[in-house]
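I opened a new page to keep track of what I look up here.

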Amino acid sequence: MGFRLTCFSRNKKFLLNLALFLLVSLFLPHIFPRTLTAATDGSSPAPGDTTAAAELLSRARYALVNGNQPGARLALEELANRFPDFHRPERTLLDARWRLADGDSAGFEQGYFETLEIATRNDDFAALLEDLKPIFTPNEAQQWEALDSPEARASFIKKIWRSRDPDPISPENPRLQNHYIRLLVAQSNYSSPVYELPRSSRNHGAGKSPRFDPTAPLVDFPFDQPRPEFKRPSSYVLDPRGLLYLQHGPPDRVVRGTSPTTGGGNETWHYGNSSFTVEGLQSSGTFSPVPAGNAKAGLSTGGETDAAEPGDMYQRYYAAEFKEPGDSVELEFYQSFPADSLDPSAEPAAVVALFDTTWQQIAISRSPARRMAVGGDTLWVAVNCLKTVPGAFYYVLRMDLAPFHPVIRKSMDIVQFAPDSINLSGIIFGHPLDIDNTIPNRSAEGLLPRPSLIFTVGEVVSVYFEIYGLKPGRDGIREYSEMITVSKVNPDDAEQDESFSGDVNSLKRWTENRSNSRSFSFDRRSGSGRKISSEYFNIDTSDLEPGSYSLHLEVEDKTTSELRDVTWFFDLTDPADRQTDDPK
């Protein structure tokens, strides 16, 4: 009897447990549908697989940093196949870095900006930010903290790299590529491995994952289940030498010695006239910076571009603005480069691009460069035209002249022409040229621009500009007077280095200098149907001395008595002292 009761009791418990199991199986998916489907829909690995995904990600990182490209490739491919959404921004960034290490620079940039798109969708910029923060300027670091949306963060990162791109016109960014080449060297040689639990990168920077003993079993939060040992580092912290290498590249030379304070080794890295010293603890691989040093302000961590090409110093240019219908403005850029040392059979070209303040390209102009005889020299000359509206911009000029590709990057403010008032355009300086199709020309008389704004005594200086906003008289005719003054000025007053740099507003000087001036005036009439008056005249320089000169224009509308004036500058050199720019 006792035996039967015991069996019945056990059978009863079994039946109750079975019933409970069936109830849970039937109703639990309806009560917690997201919890159960999350592990099976592929959006994230199941709890037991998180460690496997983290292991693959760490293996790929470790292999890449240690030069094992095949191992990194295999780990990345397995991670993508098994856990496609695990730390996806970090995985795609590692994949892009692998492509760069494999020599595929275009694939790297494509992968980098694919990572940026994924980070924007997920609001997960941890991996990108970790690589970028070391080159932030203090101002950029503050700006980053103030950003309040994924789209703003993505736009900020794009602007960071555009602002450092030595050639924003080119589809590739050498500065971005160079940064990650440096980063790989720095992580391989000047870093300390960090062993952490898989991090949550959504709030990267708000807190750090706790460090743990790499020899201890890995606990996959929040499940208290022991996992196999996880000994590969989850990240690499650059020591002071690594930061120097990432920010400034390889040093010119390194001097090694013994630290008098710690007894460990120290290193002094020299960059030109600047130097940085780090010292290590005795019997330790840890280095710390020495506060004293002679680091120069020129070695900034951010905002810099790669060194200019040797040809840049021989590139000459300036710009002039002209009024278009409505509020539009047309900019003309004039560029030149010495042709004597270049292959005459080449077909060079000139490119000008305009960017907004976030470095988004808004306009671009490409034109052929023409080989021209200019003032006794032979130059490649190009004219590029862009239309825009008033505002603040960056502009980039490039001349493609094998073997040189000089690039100039500057900022400019385009000011709106005053409505219902007299306005003067920019001025084109050059010399007479027969009209043909080789060079774009606004002047009906023909004019070859002189981008250097430097002429030789005895040359004829041709000048062209436009007048807007003249009011017609009762007969419909627009009448105006024009006074032209050419004055020799002190070179310091002309601010030649700045005014010749191409900034439209810097080229203008709204103050007049009439010392040693020679003036002549005209009375003009413009047809009733013409709202724009074009002015062209020549200056004979044969009786002028070498030096810096101002050209002051003053226009008066005879109908309204309204005045407008502007001053530009040019130089005259002695023919005996003329030197030819030559990048040989």
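Before anything else I noted the pairing rule: two strands pair if DSSP finds at least two bridges between them. Helices (H or I, at least four residues) and strands (E, at least two) are DSSP runs, numbered from the N terminus. My model is a predicted one, where local features need pLDDT of at least 70, side-chain atom pairs count only at pLDDT 80 or more, and totals for chains, interfaces and linings use all residues. Residues are numbered from 1 along each chain as its sequence is written, and side-chain values use heavy atoms, with hydrogens and water left out.

**Entry 1: the sheet with β13**

I started with arginine 371, which stands opposite tryptophan 380 in β14. β13 and β14 (residues 377-388) pair in the antiparallel sense over five bridges. They belong to an open sheet of four strands in the order β9-β10-β14-β13, with antiparallel pairing. Its edge strands are β9 (316-323) and β13 (370-374), each pairing on one side only. The twist averages 30° from one strand to the next; for angles, axes are lines fitted to C-alpha atoms, for helices over the stretch in contact, and angles run from 0 to 180 degrees between N-to-C directions.

**Entry 2: the sheet with β16**

Next I looked at another open sheet, whose four strands run in the order β12-β11-β15-β16 with antiparallel pairing. Here β12 (361-368) and β16 (407-414) are the edge strands, and each pairs on one side only. I noted an average twist of 20° from one strand to the next. Strand β15 (residues 391-400) is joined to β16 by eight bridges, and the two run antiparallel. Leucine 397 has isoleucine 408 in β16 as its bridge partner.

**Entry 3: β26 and its partners**

Which way do β25 and β26 run? They run antiparallel, with ten bridges joining β25 (residues 547-557) to β26. Leucine 551 stands opposite tryptophan 568 in β26. Five residues lie between the strands of this hairpin, where serine 561 takes a positive phi near 65°. I then found that strand β20 (residues 454-456) pairs with β26 (residues 563-573) in the parallel sense over three bridges. Threonine 456 stands opposite threonine 573 in β26.

Helix α5 (residues 88-101) and helix α6 (residues 105-122) pack at an angle of about 170°, with their axes 8 Å apart. α5 and α6 are therefore roughly antiparallel to each other (angles under 35 degrees count as roughly parallel, over 145 as roughly antiparallel, 65 to 115 as roughly perpendicular and the rest as oblique).

I moved on to helix α4 (residues 69-82), whose axis comes within 10 Å of that of α5, the two crossing at roughly 150°. That makes α4 roughly antiparallel to α5. In contact terms (heavy atoms within 4.5 Å), Gln69, Ala72, Arg73, Leu76, Leu79 and Ala80 in α4 meet Arg91, Leu94, Asp95, Trp98 and Ala101 in α5.

**Entry 4: rings**

How many aromatic pairs are there? I got 25, with rings of Phe, Tyr and Trp (its six-membered ring) pairing if their centres lie within 6.5 Å, and planes under 30 degrees apart counting as stacked, over 60 as edge-to-face and the rest as tilted. One of them is the tilted pair of tryptophan 144 and phenylalanine 156, 6.0 Å centre to centre with 55° between the planes. Tryptophan 144 lies in helix α8 (residues 138-146) and phenylalanine 156 in helix α9 (residues 150-164), so the pair ties together parts that are twelve residues apart in sequence.
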